[in-house]
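Student: Hi! Could you walk me through this structure? I'd like to go piece by piece.

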Amino acid sequence: MSNDSVSWENVMSTDADQVKTMISSMLTPHKLSLLKASSLQSCIRHANFGQVDVIRLGYGAHVRIQPDDLVDYYLIQIPQYGQATVRCGAEEVESMPGVASVLSPNAEIDMSWQASNEQIMIKVDRLLLEQTAQDMGMDSMVNGVHFPAKFECHRSVSWQLMLRYLVDCARNSLSMQRSPLLVRQIEQLVVTTLLGEHPPVMQSGLNRLRSSILPRHIKQVENYLHEHIDQPINLALLAAQAQVSVRTLQVAFKEHCGVSPMQYLRQLRLERVRADLLTHGDSLECSVADIAMRWGFAHLGRFSAAYKDRFGETPSQSLQRLRQSPV
C-alpha cells in the first residue's frame, strides 16, 4: 500500500497477517500477538503529508506489539479510547485518553493494547524533526533527539488544536496532498508544536547512546531488571542471569547503555517513584518518604538529589504540581 494511494477511508480486517503487513508498510516490521484468546477486529485509517503520516488504529482485541527499532522516525501515539501499556527503553507509560506516548528511535519498544484501545498515531520523519530542533536552538545528542515517553497532552491547548486540525486535514487528504505548500505547512506545524509542548530532554544517564541492536546478554539483563524491579538485586545475580562474568557485564552494559547495570536499575526505580507520585500521589495517604522506601531508596537526601537530577524537580514539587493541576 503506497502513500499515494492511501486516503482516510476506514479499512476493516479480521486477518492478523493482513493487518500486520499493512501496519508494517506504514510504520516498521513488528511482532503482533493476540492475547486472551481474542479475535481481531481491526480498523485502520492512514493519510500521508510528506514527512508526516497520520494513522488511526484500533485492533478490537487485546494485543501485544513488539516493533523493530524505529530508526528513521518518531512516533506519537494518542489514545482516543481505552488503555495501553507502552514500554520505550527504560520508561513505561500507562497510556489512556489524555496521556500519550512518544517513541524515540533506537529504543526497545514493547506494548500491550487493550481490546477497546484506539489510537491516533503521528509518524514524523527523524531528519525533519532533528533539523527543526536544531533550528529552534535545541541541542541534538549523538543519537538524536530523545523525548520523555509520557506526554500528558490533555494539558496542552496548542497540542489539542493542532491535532484537531491535523485530523481534519487527514479527512481531506487526497485534496490536501495536491498542494506542496500545504503539506510543508502541516509538517512544520506538527513538528514545532511537538517540540514546543513536549520538549526533548538531554540524553544523560539512561538516555545516552545505545546500539540499535543490543547483545543478547544485555537484553536478558534488561528484561530481568524490568521483571524483578521490586526484588533485591546485585551484580553477581545479574551476571549469573547473563551467564557472563561481573566484569564483562559491567563493561558491556556501560558500552551499550551508557550506565552500569545498577545505575540502570536505580533509574528504573526512580521512574516507578515518579509514576506513583504523578498517578496516585493525590490519593495516597503515604508520604514521599513512604513511596521512596517502597522502591528501595533508604537515604532520603541522596534519593531527592537523584530524583531532581533525573526529572528537574524534587519529589515534593512533583506532588505539589499534581495536586495543583485542574481535575
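Student: Which backbone nitrogen lies 3.2 Å from a polar atom of the side chain of glutamate 91?

Tutor: That is the backbone nitrogen of alanine 149. Keep in mind that this is a predicted model.

Student: Okay! And where does glutamate 91 lie?

Tutor: Glutamate 91 lies in strand S8, which covers residues 91-95.

Student: Is glutamate 91 buried or exposed?

Tutor: Glutamate 91 is buried, because its relative accessible area is 10% and buried means under 20%.

Student: Which side chain does glutamate 91 join through a polar contact of 3.4 Å?

Tutor: The partner is the side chain of histidine 146. If you leave out neighbours within four places in sequence, glutamate 91 is in contact with Val86, His146, Phe147, Pro148, Ala149, Glu271 and Arg310.

Student: Nice, that's a clear picture. Can we zoom out? How many helices and strands does the protein have?

Tutor: There are 12 helices and 12 strands. The protein has 327 residues, and 50% of them count as buried.

Student: And what share of the contacts between residues at least 6 apart in sequence join residues at least 24 apart?

Tutor: That share is 73%.

Student: Let's do a helix. What does H3 look like in terms of its span?

Tutor: H3 runs over residues 157-171, so it has 15 residues, and its first and last C-alpha atoms are 21 Å apart. That is close to the 21 Å expected at 1.5 Å a residue.

Student: Which residues of H3 are buried?

Tutor: Trp159, Met162, Leu163, Leu166, Val167, Cys169 and Ala170 are buried in H3. They sit on the same side of H3, because they cover an arc of only 155° around the axis.

Student: What about the other side of H3?

Tutor: There you find Val157, Arg164 and Arg171, which are exposed.

Student: Switching to strands: why call S11 largely enclosed by the rest of the structure?

Tutor: Because 6 of the 8 residues of S11 (residues 118-125) are buried.

Student: Which strands are joined to S11 by bridges?

Tutor: One is S4 (residues 52-58), joined to S11 by 7 bridges. Another is S6 (residues 73-81), joined to S11 by 8 bridges. S4 runs antiparallel to S11, and S6 also runs antiparallel to S11.

Student: Which residues stand opposite each other there?

Tutor: Valine 52 stands opposite valine 124 in S11, and leucine 75 stands opposite lysine 123 in S11.

Student: Quick one: how many disulfides does a search of the whole structure find?

Tutor: The search finds 0 disulfides. As for cysteines, cysteine 88 is buried, with a relative accessible area of 4%, and cysteine 153 is buried too, at 1%.

Student: Last topic, valine 11. Which strand is it in?

Tutor: Valine 11 lies in strand S1, residues 11-13. At 30% relative accessibility, valine 11 counts as partly exposed.

Student: What does valine 11 touch?

Tutor: Not counting residues up to four places away in sequence, valine 11 touches Met22, Ser42, Cys43 and Ile44. The C-alpha atoms of valine 11 and cysteine 43 are separated by 5.6 Å, with the two residues 32 apart along the chain.

Technical notes. Residues are numbered from 1 along each chain as its sequence is written. This is a predicted model: local features need pLDDT of at least 70, side-chain atom pairs count only at pLDDT 80 or more; totals for chains, interfaces and linings use all residues. Side-chain values use heavy atoms; hydrogens and water are left out. Helices (H or I, at least four residues) and strands (E, at least two) are DSSP runs, numbered from the N terminus. The expected span of a helix is 1.5 Å times one less than its number of residues. Buried means under 20% relative accessible area, exposed over 50%, partly exposed in between (1.4 Å probe, protein chains only). The arc is that of the directions from the helix axis to the C-beta atoms. A disulfide is a pair of cysteine sulfur atoms within 2.5 Å. A polar contact is a pair of N or O atoms within 3.5 Å; within protein, one must be able to donate a hydrogen and the other to accept it, and residues adjacent in sequence count only if both atoms are side-chain atoms. Contact means heavy atoms within 4.5 Å. Two strands pair if DSSP finds at least two bridges between them.
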